[in-house]
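Hi,

Here is the structure I promised to pass on. Please have it open while you read my notes.

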Amino acid sequence: MRRLREAFGTLFVITLVACGPTYPNCDEDDDCRDGEYCVDNQCQQCRTDSHCPAGQQCVGGRCEDIDGYCSSNADCPDGQECRGNRCVAEASTNVSEPITDTGPTQCELRTVYFSFDSEELDSSARDAISANARCVRDRSIARVHLTGFTDPRGTEEYNLALGDRRARAVLQYMSSLGVERGNLSASSMGEEMSRGQDEAGFRNDRKVTFTEQ
């Protein structure tokens with residue numbers, strides 16, 4: 001009897017092994033139904049995206065729709081098109097209008113700057129005045145007023161005189177370049193409009209400006 005029980009037990013174990021795991025448990029893909037895959041010992045719809053149809057992806061063993069997936073423009077809402085299987089905003093088809101040549105840019109009268117306590121015209125000042133003389137001729141400007149300025153150092157009387165000398169130095173050079181002297185006038189503001197607090201600011205105070213009249 002004991003041997004019979006042992007034989008029966010052995011047969012039972014062999015039978016269990018032969019039957020394999022109970023669905024949906026699995027050890028391999030063959031334990032699952034057709035079209036299913038064994039993933040972490042469970043029969044699942046998919047293991048990778050390649051197991052899913054177009055437009056779906058494998059998420060947690062299930063094939064789920066991909067948001068915004070498309071195969072043609074017909075799958076996309078108005079104002080979008082299908083590119084790379086994704087609905088994206090339609091590319092603009094507007095053609096930029098050609099740039100129209102409006103001719104040369106209109107010249108502007110440039111400010112002339114000076115060194116400390118000086119009315120001498122250096123090379124950069126002469127270049128600016130030459131450009132202004134050309135601008136006056138090119139635009140047929142009738143009259144130009146020159147105003148001299150200084151930085152705040154020095155007495156008010158001295159700075160008024162220095163500003164005047166600067167304005168008249170520029171007027172003289174403009175006249176030598178062919179601008180009618182009768183079309184030019186000059187005056188001085190001295191330090192009245194100065195804004196500088198240090199040397200960098202003082203440089204901007206030492207100048208002659210040009211005003212069309």
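This is a predicted model: local features need pLDDT of at least 70, side-chain atom pairs count only at pLDDT 80 or more; totals for chains, interfaces and linings use all residues.

Residues are numbered from 1 along each chain as its sequence is written, and side-chain values use heavy atoms, with hydrogens and water left out.

The open sheet has 4 strands in the order 7-10-8-9, with mixed pairing (strands are DSSP E runs of at least two residues, helices H or I runs of at least four, numbered from the N terminus; two strands pair if DSSP finds at least two bridges between them). Its edges are strand 7 (112–113) and strand 9, each pairing on one side only. Strand 7 runs antiparallel to strand 10, over 2 bridges, and Val 112 stands opposite Val 208 in strand 10.

Now for Ser 194, which sits in the loop between strand 9 (184–190) and helix 4 (199–205). Is Ser 194 buried or exposed? Ser 194 counts as buried because its relative accessibility is 17% (buried means under 20% relative accessible area, exposed over 50%, partly exposed in between, with a 1.4 Å probe and protein chains only). Leaving out residues up to four places away in sequence, Ser 194 touches Thr 150, Asp 151, Pro 152 and Asp 205 (contact means heavy atoms within 4.5 Å). A polar atom of the Ser 194 side chain lies 2.8 Å from the backbone oxygen of Glu 191.

Best wishes

Key:
A polar contact is a pair of N or O atoms within 3.5 Å; within protein, one must be able to donate a hydrogen and the other to accept it, and residues adjacent in sequence count only if both atoms are side-chain atoms.
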